[in-house]
Amino acid sequence: MILYHPSMQHNSGISRTTVLALAAILNSTAVSQTKTESSSEQQSDRREALILGSLIGDAAGGPVEFVSHPDIAERGQPFRVWNPGERLEPADLDKYGEELALLPYTIFRPAPEPYAHWSADAPAGTLTDDTRQKAITIDLFADAINADRTPESLGEIDFARAYVRFMNATVGTPTEHLARKGLGEYEFAAQWVLGERDESRALPPSRLWGGLGTCAGQMALPPVAAVFPGEPDRAYRLAYDIAFIDNARARDTNAALVAGLAVALTTDPDDPDAWDTIKAAMRTTDPYRYADVPWVHRGINTWLDEAEQLASDADREPAALIAAIDERFAAGPWWDDRTIVVMTFAAIELASHHPLASIRLAIELGHDTDSTAQLAGAFMGALHGLDIFPPGLADPVHAALKSEHNATVEAWARITAALGKASEPNR
């Protein structure tokens, strides 16, 4: 059952898996209105906003991913290149955030790329591998609903099957070669999880990216939080238990981020301690006791501390933050779990947690811009809801999701909600 197939581009319908899953949702007593309508609507809004925010960050950061600051300064407005001494003051945040815009790929990256856009001269709003990974996660969830399974029953094997289904769907299509280059490493690992031992087709997951802990789970797993709003422990466990794509410390780091997103979904955005609450959830949700391991520090705590310190030292000067990050992480790669977390939360801190300003600054810090911006967008959407995203950002992304993945944000959010309901008693 495939949620996405490259041949579905420009198809106005929705896929069979989504149809089946949504039919189950609509017909199930598990999703009857057991809460007040206003509470239910608010939670639906937050789920959709988590997903939409991550997609907007992906689409906004994609066209300038790994583009140098001088090149952006020359040709890439509306993104700003900060000079030493320039400050991002609280009074400037609204205007700065409102100027966040989506660029077409024609400016810097007209040709398709395996880890980015899969079409030539891609328009503004086009999505990248950060969203493709989420499409695979949603496919896993839809398949579970159709099989009447609970989220607690899902594991690595189920996620691996979803990756293999995705890759099989690209065979014989114009994007097959891009899929092989962009997702081939995950397919090797998935086949191994599924029991294949022909080393031309399967390799151990511990080999992924040379054993480096990466941002793979940060791309794929944010929708897990929408399965368990306000339940960080359950969200962490599901993210951790399915994540054959994450190595080493990243398995804990990326599951902890999902725990934070789960709390963001039910936190009052007007609470002055909202971000302390969200970060506390990431720090303290630790069911497998990583913090108790002798002689090592738990990664998520170290990375959040580092982000806060870098933002504080920069003293509202983005150029100072950029210079410090470039020096700190010069050895690369820019897409490991540590670097993305530090850059994302340093941007959020320096931008005083302003929703759109944080996303824009995450992009202007440079490097793996779609991954930092999609993570910032997920947190901002989860906390603040759909109203923070103006039509100029939302509409092109909605169109791209329909065109590229034959899906809608609302459908994806409904699938996460239904999977969460499947674990409730007397469903």
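Colleague: Which residues of α10 are buried?

Modeller: They are P232, A235, Y236, L238, A239, Y240 and I242. A word on provenance: this is a predicted model, where local features need pLDDT of at least 70 and side-chain atom pairs count only at pLDDT 80 or more, while totals for chains, interfaces and linings use all residues. Residues are numbered from 1 along each chain as its sequence is written, and side-chain values use heavy atoms, with hydrogens and water left out.

Colleague: Thanks. How many helices and strands does the chain have?

Modeller: There are 19 helices and zero strands. The C-alpha atoms fill a box of roughly 60 × 50 × 45 Å along the principal axes.

Colleague: And how should I read the radius of gyration of the chain?

Modeller: The radius is taken over C-alpha atoms, and the globule rule is 2.2 Å times the number of residues to the power 0.38. For 427 residues, a compact globule would come out near 22 Å, and the 20 Å of this chain agrees with that. Of the 427 residues, 58% are buried. Contact means heavy atoms within 4.5 Å; among contacts with a separation of 6 or more, 73% join residues 24 or more positions apart.

Colleague: Now helix packing. What describes two packed helices?

Modeller: The angle between their axes and the distance between the axes. Axes are lines fitted to C-alpha atoms, for helices over the stretch in contact, and angles run from 0 to 180 degrees between N-to-C directions. Take α15 (residues 337-350) and α16 (residues 355-364): their axes come within 8 Å and cross at roughly 130°. That angle makes α15 oblique to α16. For the classes, under 35 degrees is roughly parallel, over 145 roughly antiparallel, 65 to 115 roughly perpendicular, and the rest oblique.

Colleague: Is that crossing left-handed or right-handed?

Modeller: The crossing of α15 and α16 is right-handed. A crossing is right-handed if the near helix is turned clockwise from the far one by less than a right angle, and left-handed if anticlockwise.

Colleague: Which residues meet there?

Modeller: From α15 come A347, I348 and L350, which meet S358, L361 and A362 of α16. By class, this contact holds five nonpolar, one polar and no charged residues. Nonpolar covers Ala, Val, Leu, Ile, Met, Phe, Trp, Tyr, Cys and Pro; charged covers Asp, Glu, Lys and Arg; the others, Gly among them, are polar.

Colleague: At what angle do α13 and α14 cross?

Modeller: The axes of α13 and α14 cross at roughly 135° and come within 8 Å, so the two helices are oblique to each other. Their crossing is right-handed. On the α13 side the contact uses E306, L310, A311 and A314; on the α14 side, A320, L321, A324, I325 and R328. Seven of these residues are nonpolar, none polar and two charged.

Colleague: Where is I245, and what does I245 touch?

Modeller: I245 lies in the loop between α10 (232-242) and α11 (250-264), and its 1% relative accessibility makes I245 buried. Setting aside residues up to four places away in sequence, I245 touches F159, Y163, Y186, L208, A216, G217 and A220. With A220, 25 residues apart along the chain, the C-alpha separation is 9.0 Å.

Colleague: Last one: what should I look for in backbone angles?

Modeller: Most residues other than glycine have a negative phi, and most peptide bonds are trans. Here A248, in the loop between α10 and α11, has phi near 50° and counts as exposed at 54% relative accessibility. R316, in the loop between α13 (299-314) and α14, has phi near 70° and is partly exposed at 26%. The bond from G332 to P333 is cis, with omega near -5°; P333 is in the loop between α14 (318-328) and α15.

Conventions. Helix = DSSP H or I, 4+ residues; strand = E, 2+ residues; numbered from the N terminus. Buried < 20%, exposed > 50% of the residue type's maximum accessible area, 1.4 Å probe, protein only.
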